[in-house]
Amino acid sequence: MTTVGSGTRAAVQIAETGGPEVMHLVQRPDPVAGEGEVTVAVAAAGVNFIDTYHRSGLYELPLPLVLGQEGSGTVLEIGAGVDGFAPGDRVAWAGSTGSYAERAAVKASVAYKVPDGVDLETAASIGVQALTAHYLVTDCPRIGPGDRCLVHAGAGGTGRLVVQMAKLRGAEVVATVGSDAKVEVARSAGADHVINYSTTDLVEGVEAAVGPEAIDVVYDGVGAAVYDASIELLRLRGSMVTFGNASGAVEPKAPLHLSGKSLWLTRPKLWDFISTREELDARTEEVFGWIAAGRLEVRIGARLPLAEAADAHRLLQGRGIAGKILLIP
């Protein structure tokens with residue numbers, strides 16, 4: 001095992017669940033690479049809704065907890081049983097807790113190398129959101145020419161990437177946004193139709209654009225506020241893909257609510273779609289390839305220091321930022 005000097009580094013930790021106010025910048029001992037891990041000098045940490053679920057207790061994890069599932073940086077130390085990485089490698093990751101820190105111990109199984117020509121801030125922006133968008137359009141179900149999809153929060157970090165990838169696959173895309181300012185953000189991603197649900201009824205707006213019950217697939221990271229309308233808009237045997245809870249979790253429903261149109265309903269999570277090294281590498285290779293070719297734009301909406309992590313969560317949940325929010329150690 002390769003080792004580095006010991007000391008303490010800043011990290012954003014919670015000792016109890018709650019609102020953004022429970023997040024505190026603390027000094028913690030430098031992490032040590034355990035079996036199957038690498039330690040990384042963090043260049044940037046991505047802020048995602050799953051972090052707010054961990055902070056609030058919606059998704060429970062042991063406390064105290066250093067938040068953050070995603071980031072990028074330079075490898076410092078290699079733990080036992082790790083192959084394919086060396087000190088000095090530029091890497092990014094998705095699905096390893098503790099990224100809101102100056103240094104992090106990262107599970108090697110969810111880390112991947114950043115190719116030349118891609119900066120570390122961009123790399124930190126794709127781990128959760130771009131890989132989520134990728135598996136959504138390729139596996140939940142796989143979409144292509146002739147398909148019509150509805151993407152909620154189409155100007156957000158994940159939504160805008162779903163819009164772009166759906167267009168790369170040849171689909172017709174209807175995007176929803178929450179303000180006039182975000183209409184052009186979604187349209188610039190390639191959306192064929194954009195509905196501002198703060199000024200237009202969601203169902204009426206979508207039906208005016210494409211007709212009633214005309215949506216093949218709904219990609220919903222918003223949750224409770226749009227679920228029922230989304231079900232109404234789906235075609236016969238359409239697919240409802242609910243992957244986030246930005247407006248709150250959908251209340252429990254009996255399966256019979258799907259039977260009126262024989263609908264498919266799935267609640268996937270990213271980690272089950274990058275569960276092998278082969279699948280993780282295949283997805284990151286295609287995403288990085290699109291970025292390098294100029295076919296996929298990763299938009300960074302805000303960069304904040306670790307000390308302002310609580311403000312980063314407020315920005316994210318307020319949905320006032322179009323694009324990725326990063327914490328910079």
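A crossing of two helices is left-handed if the near helix is turned anticlockwise from the far one by less than a right angle, and right-handed if clockwise. This is a predicted model, in which local features need pLDDT of at least 70 and side-chain atom pairs count only at pLDDT 80 or more, while totals for chains, interfaces and linings use all residues. Residues are numbered from 1 along each chain as its sequence is written, and side-chain values use heavy atoms, with hydrogens and water left out. The crossing of α1 and α9 is left-handed, whereas α3 passes α4 in a right-handed crossing.

**Helix packing**

- Helices (H or I, at least four residues) and strands (E, at least two) are DSSP runs, numbered from the N terminus.
- The axes of α1 and helix α9 (residues 309–318) come within 10 Å and cross at roughly 115°; axes are lines fitted to C-alpha atoms, for helices over the stretch in contact, and angles run from 0 to 180 degrees between N-to-C directions.
- α1 and α9 are therefore roughly perpendicular to each other; angles under 35 degrees count as roughly parallel, over 145 as roughly antiparallel, 65 to 115 as roughly perpendicular and the rest as oblique.
- On the α1 side, Phe49, Asp51, Thr52 and Arg55 meet His313, Leu316 and Gln317 of α9, where contact means heavy atoms within 4.5 Å.
- By class, this contact of α1 with α9 has two nonpolar, three polar and two charged residues; Ala, Val, Leu, Ile, Met, Phe, Trp, Tyr, Cys and Pro count as nonpolar, Asp, Glu, Lys and Arg as charged, and the others, Gly among them, as polar.
- Helix α3 (residues 129–139) packs against α4 at an angle of about 45°, with the axes 8 Å apart, and that makes α3 oblique to α4.
- From α3, the contact takes in Gln129, Ala130, Thr132, Ala133, His134, Leu136 and Val137, and from α4 it takes in Gly157, Thr158, Leu161, Val162, Met165 and Ala166.
- The contact of α3 with α4 has eight nonpolar, five polar and no charged residues.
- α3 also packs with helix α8 (residues 277–292), at an angle of about 105° and with the axes 10 Å apart, which makes α3 roughly perpendicular to α8.
- Ala130, Leu131, His134, Tyr135, Thr138 and Asp139 of α3 make this contact with Leu280, Arg283, Thr284, Glu286, Val287 and Trp290 of α8.
- Six nonpolar, three polar and three charged residues form the contact of α3 with α8.

**Cavity**

- On a 1 Å grid over the protein atoms alone, a cavity is a set of points where a 1.4 Å probe fits but cannot get out, and a pocket is an open set with protein on both sides within 12 Å along at least five of seven lines; lining residues have an atom within 4 Å of a point.
- The structure holds one cavity of 30 Å³ or more.
- The largest cavity has about 70 Å³ of space; grid points are joined across faces, edges and corners, and a volume is the space filled by probe spheres set on the points.
- Among the residues that line the largest cavity are Ser125, Gln129, Arg160, Glu297, Arg299 and Lys324.
- Helix α4 (residues 157–168) gives the most to this lining, with four residues.
- The lining of the largest cavity has two nonpolar, six polar and four charged residues.

- The largest pocket has a volume of about 740 Å³.
- It is lined by 36 residues, of which Phe49, Thr158, Gly221, Phe243 and Gly244 are the closest to its centre.
- α1 (49–56), α3 and α4 are the elements that give two or more residues to the lining of the largest pocket.
- This lining has 19 nonpolar, 13 polar and four charged residues.
- The second largest pocket holds about 350 Å³ of space, and of its 19 lining residues the closest to its centre are Arg28, Leu65, Val66, Thr97 and Gly98.
- By class, the lining of the second largest pocket has 12 nonpolar, four polar and three charged residues.

**Backbone**

- The peptide bond from Leu63 to Pro64 is cis, with omega near -5°, and Pro64 is found in the loop between α1 and β4.
- Cys140 and Pro141 are also joined by a cis peptide bond, with omega about -5°.
- Ala153 has a positive phi of about 55° although it is not a glycine, and its place is in the loop between β9 and α4.
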